[in-house]
Amino acid sequence: MAAAAMAAAAAAPVRLWVKTDPFVVGALPAPPPARLAPHYLRKMAAYARARAAEGCFPWLSWPRWRHIACGKLQLGRGLAWLYFDLFHSLLRQDPPRRLAWAEAEAACANADELERERSKLSVDTLQFLLFLYVQQVNKVSLRTSLIGEEWPSPRTKSPSLTGKSVSENKNWNDQDHRAFVQSHLSDMLELLLEPEQLTASSHSTHSSLVSYEAICALSFLIEGTVNKSRTVHPLHELALWQPCHGQNGYSKVFRAFSFPKLESWLRSCLTTNPFGMTACLKSGKKLAWAQQVEGTTRRAKIACNTHVVPEVFPMVIMSQVYKQTLAKSSDTLVGAHVRIHRCNESFIYLLSPLRSVTIEKCRNSTFVLGPVQASVHVHSCDNVKVIVVCHRLCLSSTAGCTFYILTPTQPLILSGNQAVSFAPFHTHYPMLEDHMAQVGLATLPNYWDSPMLVCKESGDTSVFRLLPPSDFYTFVIPFEMEGDTMETPGGLPHAYQKALSQREQKVQIWQKTVKEAGLTKDQRKQFQMLVENKFYEWLVQTGNRQQLDSLVPPAVGSKQAAG
């Protein structure tokens with residue numbers, strides 16, 4: 001019987017892979033606190049199960065997690081909420097629910113009311129434990145540091161669009177995701193076991209059984225297909241597939257799986273994510289751009305995975321864009337994970353609702369992004385401007401960067417940042433409010449001016465400032481599109497609006513002075529030439545001439561930004 005089942009499984013093999021989202025969106029790009037080590041998570045699992053009646057299991061309420069995090073794991077309340085909210089952002093909540101939560105949060109008049117609203121929230125306990133375990137992917141190992149595989153020695157390499165190597169980003173590298181799960185699979189399964197299946201030291205035995213509920217939780221991390229089908233299934237559906245029972249040890253009597261057989265089956269079926277970064281770089285399709293300057297595109301490498309199925313977020317990877325203006329608003333980008341790497345002296349407009357954006361090792365560039373449902377992570381960048389409405393902004397190792405943002409969460413300042421400036425979101429394009437609604441982002445609450453210093457090294461508040469209103473100017477997106485948004489959603493804070501009004505007033509006074517000067521026709525012509533020359537000098541000195549030159553539309557016209 002077992003031989004027949006194995007033969008059937010071989011004829012139609014199951015292919016499993018590690019999902020992208022828990023790592024790209026869910027793993028905080030910083031070493032986790034020591035108290036989130038596996039040893040403490042095992043204690044937390046036992047504690048939660050023992051207090052099921054108190055709101056700890058199978059759903060963990062915010063008040064109980066706050067108690068565990070602050071009282072048992074010695075985390076600060078801000079960090080406790082950060083992990084709780086970060087997990088929430090992973091869930092595929094429909095936009096109306098996200099907007100309803102934003103409305104409820106914005107209506108809170110004080111911290112007590114906000115805490116009461118948060119107390120209504122709960123998360124799947126087992127999935128949350130796995131989410132906390134995944135934070136270990138960014139743990140810096142002293143041993144590997146000493147033998148040169150990890151910081152501070154030269155980092156290990158991952159493939160790039162050019163075939164050369166780029167510095168490793170563990171949150172994006174699907175080969176790292178697979179290696180992490182393979183290495184820690186036994187630990188993660190033990191975290192999901194019921195107390196009676198564990199030894200006194202919280203480890204499994206050869207006879208331990210893994211419940212179906214535990215496999216449902218593991219679907220948070222793993223999905224797959226049957227026989228190269230394009231239909232993607234969660235792990236728990238594939239695990240219950242009859243031909244696999246002989247391999248994964250499923251017992252209909254106990255409605256559970258044999259621990260050793262299940263672990264062996266998972267290891268044998270795990271492969272590289274067919275929708276991950278590696279596949280995108282290897283077989284991704286090159287994107288066509290609506291706005292792109294001729295003659296400067298040789299170095300740019302831009303790819304997207306076209307083999308996307310509804311259950312999987314698409315992926316777009318851009319590298320080595322140099323002295324270009326690129327613009328796109330299309331279905332290709334909708335809901336995509338976007339990685340922008342080594343782009344210099346460029347202006348990039350991605351005017352579609354996005355899932356997440358990572359900007360790495362870029363310099364002297366401006367990024368104008370459509371609303372980002374999950375997170376924007378900016379790492380190792382110098383002198384870039386990012387203009388975005390996003391659920392979360394996260395910064396590490398940046399210098400001299402400015403962020404014009406609208407966000408319902410505190411911007412996260414991790415380690416290695418210098419001279420960060422925050423300013424209110426200050427632009428619009430016709431489809432912006434429609435795109436915000438599609439990803440469930442509202443204009444309130446808005447914490448653009450309340451960053452959170454996460455790492456100990458970033459505890460110095462002098463690493464950031466709020467942009468002075470005197471240095472604030474609005475930003476015009478220079479493309480025509482269809483849509484109803486005619487102004488910056490939510491408006492501007494009073495101090496910034498006042499600065500703009502005063503500047504406009506000065507222009508009006510200047511125009512009136514020129515008009516009343518009684519200049520002759522020749523004088524007006526001379527004066528106009530003088531002003532134009534000064535303006536041209538200013539364009540060159542500020543680098544704005546390059547931006548204007550790059551906006552000269554191709555033959556088809558700039559309306560194609562929506563193409």
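Student: What makes E1 and strand E7 (residues 222-226) a pair?
Tutor: E1 and E7 are joined in the antiparallel sense over 5 bridges. A pair requires that DSSP finds at least two bridges between the strands, so E1 and E7 qualify. Within this pairing, Val 18 has Ile 222 of E7 as its bridge partner. The model is predicted: local features need pLDDT of at least 70, side-chain atom pairs count only at pLDDT 80 or more, and totals for chains, interfaces and linings use all residues. Residues are numbered from 1 along each chain as its sequence is written, and side-chain values use heavy atoms, leaving out hydrogens and water.

Student: Which other sheet has open edges, and why?
Tutor: Another open sheet of 3 strands runs E6-E10-E9, again with antiparallel pairing. Its edges are E6 (209-211) and E9 (250-251): each has a single partner, so one side is left without a neighbour. E6 pairs with E10 (residues 256-258) over 3 bridges. Leu 209 stands opposite Ser 258 in E10. H14 packs on this sheet, touching E6 and E10. The direction of H14 makes about 80 degrees with that of E10.

Student: How do you know which residues join H10 and H14?
Tutor: Contact means heavy atoms within 4.5 Å. From H10 (residues 174-192) come Gln 182, Leu 185, Ser 186, Leu 189 and Glu 190. From H14 (residues 259-269) come Phe 259, Leu 262, Glu 263, Leu 266 and Arg 267. These residues divide into 5 nonpolar, 2 polar and 3 charged. Leu and Phe count as nonpolar, Glu and Arg as charged.

Student: What angle do these two helices make?
Tutor: H10 and H14 pack at about 150 degrees, with axes 11 Å apart. Angles run from 0 to 180 degrees between N-to-C directions. H10 passes H14 in a right-handed crossing.

Student: How much of the chain is called buried?
Tutor: Buried means under 20% relative accessible area, with a 1.4 Å probe and protein chains only. By that cut-off, 51% of the 563 residues are buried. The chain holds 19 helices and 25 strands.

Definitions and conventions. Helices (H or I, at least four residues) and strands (E, at least two) are DSSP runs, numbered from the N terminus. A crossing is left-handed if the near helix is turned anticlockwise from the far one by less than a right angle, and right-handed if clockwise. Buried means under 20% relative accessible area, exposed over 50%, partly exposed in between (1.4 Å probe, protein chains only).
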